[in-house]
Amino acid sequence: MRIPVSLRLVHAILKRAIRQAQARDMVMRNVAELVKTPKGTAGRPSRALTLDQARAVLEAAQSSRLHAYAVVSLRRCAADCPELAP
């Protein structure tokens, strides 16, 4: 089991914030330093579309009145995957 990135990030931010408060004499000790980052739990499988599935959605929606909606919905993926760009 891997620790989710967000969980590690939150723990790191918390430790850093308390460290700054400690430097300003607002707290006596950084209790976040005493805690190990939780192990986390196994996540669910991704439900994101594959590149082939995204292409199929765009092709299927081409003649539909929902074409613009499909394009906007997949816009982020298109920015990350130049292969999808028109």
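Tutor: Let's take confidence, then a helix, a loop and some charged pairs.

Student: OK. How confident is the model, on average over the protein chain?

Tutor: This is a predicted model. The protein chain has a mean pLDDT of 82. Of its residues, 83% reach 70 or more.

Student: Where is confidence lowest, and where is it highest?

Tutor: Lowest in helix H4, residues 75-80, with a mean of 61. Highest in H1, at 91. Where pLDDT is low, the predicted coordinates should not be read in detail.

Student: Then let's do H1. How many residues, and how far does it reach?

Tutor: H1 spans residues 5-23, which is 19 residues. From first C-alpha to last it reaches 27 Å. That is close to the 27 Å expected at 1.5 Å a residue.

Student: Which residues of H1 are buried?

Tutor: His11, Ile18 and Ala21. They sit on the same side of H1, because they cover an arc of only 90° around the axis.

Student: And which exposed residues are on the face turned away from that buried side?

Tutor: Val5, Ser6 and Ala23.

Student: What follows H1?

Tutor: Asp25 follows H1, with a positive phi near 55°. Asp25 is a residue other than glycine. Most residues other than glycine have a negative phi.

Student: Is Asp25 buried or exposed?

Tutor: Exposed, because its relative accessibility is 70% and the cut-off is over 50%. Asp25 lies in the loop between H1 and H2.

Student: Why does Asn30 count as buried?

Tutor: Because its relative accessibility is 7%, and buried means under 20%.

Student: What does the side chain of Asn30 have by it on the Lys15 backbone?

Tutor: The backbone oxygen of Lys15 is 3.0 Å from a polar atom of the Asn30 side chain. There is also Ala32. Its backbone nitrogen is 3.1 Å from a polar atom of that Asn30 side chain.

Student: Leaving aside neighbours within four places in sequence, which residues is Asn30 in contact with?

Tutor: Lys15, Ile18, Arg19 and Gln22. Ile18 is one of the buried residues of H1.

Student: Switching topic. How many salt bridges?

Tutor: Two. In one, the side chains of Arg19 and Glu33 meet at 2.8 Å, N to O. That pair links distant parts of the chain. Arg19 is in helix H1, Glu33 is in the loop between H1 and H2, and they are 14 residues apart.

Student: How accessible are Arg19 and Glu33?

Tutor: Arg19 is at 43% relative accessibility, so it counts as partly exposed. Glu33 is partly exposed too, with a relative accessible area of 40%.

Student: Which residue does Arg55 form a salt bridge with?

Tutor: Asp52, with the closest N and O atoms 3.6 Å apart. Side chains of opposite charge can pair when their charged atoms come close.

Student: Where do Arg55 and Asp52 lie?

Tutor: Both are in helix H2. They are three residues apart, about one turn of the helix.

Student: Last one. Is Asp52 exposed or buried?

Tutor: Asp52 is exposed, with a relative accessible area of 57%. Arg55 counts as partly exposed, at 31% relative accessibility.

Technical notes
Residues numbered from 1 in each chain as written. Predicted model: local features only at pLDDT ≥ 70, side-chain atom pairs only at ≥ 80, totals over all residues. Heavy atoms only, no water. Helix = DSSP H or I, 4+ residues; strand = E, 2+ residues; numbered from the N terminus. Expected span 1.5 Å × (residues − 1). Buried < 20%, exposed > 50% of the residue type's maximum accessible area, 1.4 Å probe, protein only. Arc of directions from axis to C-beta. Polar contact = N/O pair within 3.5 Å; in protein donor to acceptor, adjacent residues only side chain to side chain. Contact = heavy atoms within 4.5 Å. pLDDT = per-residue confidence, 0-100. Salt bridge = Lys/Arg side-chain N within 4 Å of Asp/Glu carboxyl O.
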